[in-house]
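Subject: A structure for you to look at

Hi there,

Here is the structure I promised to pass on. Please have a look at it first, and then read on for what turned up in it.

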Amino acid sequence: MKMSTEGSKIDIHSVLPDKYRANLHLEHPTVQWRYGKPPTYESANQLFEEGRTKVWPKGSLEETVQNVVKSWQVEINNKARLQDFKTINPEKFKLFVNGREGLSGEEVLGDGTFNAMLKSSLPDEYKFYKAEEETHESAHNDFKTCFPRGFAWEVIEVYSPPPLIAYKFRHWGFFEGPYKDHSPTGEMVQFYGMGVLKVDSSMKVEEVHVYFDPTELYGGLLKGKRTASESKTADSSASACPLFNLQK
C-alpha cells in the first residue's frame with residue numbers, strides 16, 4: 001500500500017502494456033478516469049527498476065502481492081468511481097492506517113490516499129501535514145511536483161499467504177521539485193512500513209491495514225529550505241514541533 005504519485009503523469013500517446021499493472025491496459029472504455037484517461041508509469045517504473053532492493057521471481061507470492069498493491073494504487077489515485085474498481089470488494093472494503101478508524105472505499109476515493117494516510121489527531125501546532133486543508137487534487141499535485149520521477153514502492157518481505165497477507169514495504173523518491181514552500185534537496189526520501197491485506201478467494205481486497213512513521217517521509221521533505229516569507233513562521237514553530245528542527 002502506498003501513498004503514491006506513480007502514474008500521475010497522463011501521456012497523450014499510446015504506450016506499451018505496463019508490466020506491473022496488467023489490468024491498466026485492459027480497462028473497459030466506460031471507466032471514468034479522474035484525469036480524463038488512463039495514467040502512464042514509464043518514469044516511475046524506471047525509478048522502481050533502478051532503485052528496488054528485491055527482484056522477485058515471476059509468479060511468486062511476493063511478486064503477486066507487489067503487483068496487487070500497485071494495481072490498487074492505480075485505481076484509488078486515478079479512477080473517479082468506486083464501481084469501476086477491480087481490485088477490491090467495495091461492499092466490505094476498509095482502509096486502516098496506524099490503528100485509526102477504518103475508512104470506506106468511498107471515503108478514501110473522496111479524500112485521496114495522501115489525506116487518508118497522513119491524517120493526524122494531533123493539535124494543529126504539532127501537525128506537519130494538515131489533511132483537513134487538502135483535497136485529493138492538491139495533495140496529489142504537491143507530491144507529483146516534489147517527486148517528478150514518481151514515488152516508487154516495493155515489497156521487501158511477505159510473511160503470510162492469502163487470505164491474510166502480512167508484508168513489509170519500502171517507499172522512495174527523489175526530492176527534485178519544491179514541496180509547498182520547501183526547496184528541493186535532490187536527495188532520496190524514503191520510508192518503510194508494514195501492511196496487512198485481507199483478500200477474498202479472487203484476491204480482491206476487503207481490508208488494508210498499514211503501519212508506518214510519517215516523520216520518516218517529512219524528515220526528508222522539511223529539510224528543504226523555506227522561502228523567506230515562511231522562515232519566521234518556521235522558526236517560531238520549531239520549539240513546538242521537534243520535527244521542524246530537521247530543517248536546520
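Helices and strands here are DSSP runs, numbered from the N terminus: a helix is H or I with at least four residues, and a strand is E with at least two. Please keep in mind that this is a predicted model, where local features need pLDDT of at least 70 and side-chain atom pairs count only at pLDDT 80 or more, while totals for chains, interfaces and linings use all residues. Residues are numbered from 1 along each chain as its sequence is written, and side-chain values use heavy atoms, with hydrogens and water left out.

**The overall picture**

The chain has seven helices and six strands, and along the sequence they follow the pattern α-α-β-β-α-α-α-β-β-β-β-α-α. Of the 248 residues in the chain, 48% are buried; buried means under 20% relative accessible area, exposed means over 50%, and partly exposed is in between, with a 1.4 Å probe and protein chains only. The accessible surface of the chain is about 11,800 Å², and carbon and sulfur atoms account for 53% of that. These areas come from the Shrake-Rupley method with a 1.4 Å probe, and for residues only the protein chains shown count as cover. Among contacts in the chain with a separation of 6 or more, 66% are between residues 24 or more positions apart, where contact means heavy atoms within 4.5 Å.

**Backbone details**

Most residues other than glycine have a negative phi, and most peptide bonds are trans. Where does this chain depart from that? The peptide bond from P162 to P163 is cis, with omega near 10 degrees, and P163 sits in the loop between β3 (152-158) and β4 (164-174).

N98 is not a glycine, yet it has a positive phi of about 50 degrees. This residue is in the loop between β1 (94-97) and β2 (103-104), and N98 counts as partly exposed because its relative accessibility is 30%. M203, also a residue other than glycine, has a positive phi near 65 degrees. M203 lies in the loop between β5 (188-199) and β6 (205-212), and with 23% relative accessibility M203 is partly exposed.

**Salt bridges**

How many salt bridges does the structure hold? There are 17 salt bridges, each being a side-chain nitrogen of Lys or Arg within 4 Å of a carboxyl oxygen of Asp or Glu.

One of them pairs K54 with E157, with the closest N and O atoms 3.8 Å apart. This pair links distant parts of the chain, 103 residues apart: K54 is in the loop between α1 (42-51) and α2 (61-78), and E157 is in strand β3. K54 is partly exposed at a relative accessible area of 27%, and E157 is partly exposed at 31%.

R149 and E176 meet through their side chains in a salt bridge of 2.7 Å, N to O. R149 lies in the loop between α5 (136-146) and β3 and E176 in the loop between β4 and β5, so this pair ties together parts that are 27 residues apart in sequence. R149 is partly exposed, at 31% relative accessibility, and E176 is partly exposed with a relative accessible area of 35%.

D111 and K119 form a salt bridge at 3.3 Å, N to O. D111 is partly exposed at 28% and K119 is partly exposed at 32%. Finally, E27, E75, K79 and K86 are linked in a network of salt bridges.

**The cavity**

A search of the whole structure finds one cavity of 30 Å³ or more. On a 1 Å grid over the protein atoms alone, a cavity is a set of points where a 1.4 Å probe fits but cannot get out, and lining residues have an atom within 4 Å of a point. Grid points are joined across faces, edges and corners, and a volume is the space filled by probe spheres set on the points.

The largest cavity holds about 60 Å³ of space. Its lining consists of R21, N23, L24, E27, S71, V74, E75 and T87.

**One more spot**

S43 is in helix α1 and is partly exposed, with a relative accessible area of 35%. The C-alpha atoms of S43 and G150 are separated by 6.7 Å, although these residues are 107 residues apart along the chain. Leaving aside neighbours within four places in sequence, S43 is in contact with P148 and R149.

Methods:
On a 1 Å grid over the protein atoms alone, a cavity is a set of points where a 1.4 Å probe fits but cannot get out, and a pocket is an open set with protein on both sides within 12 Å along at least five of seven lines; lining residues have an atom within 4 Å of a point.
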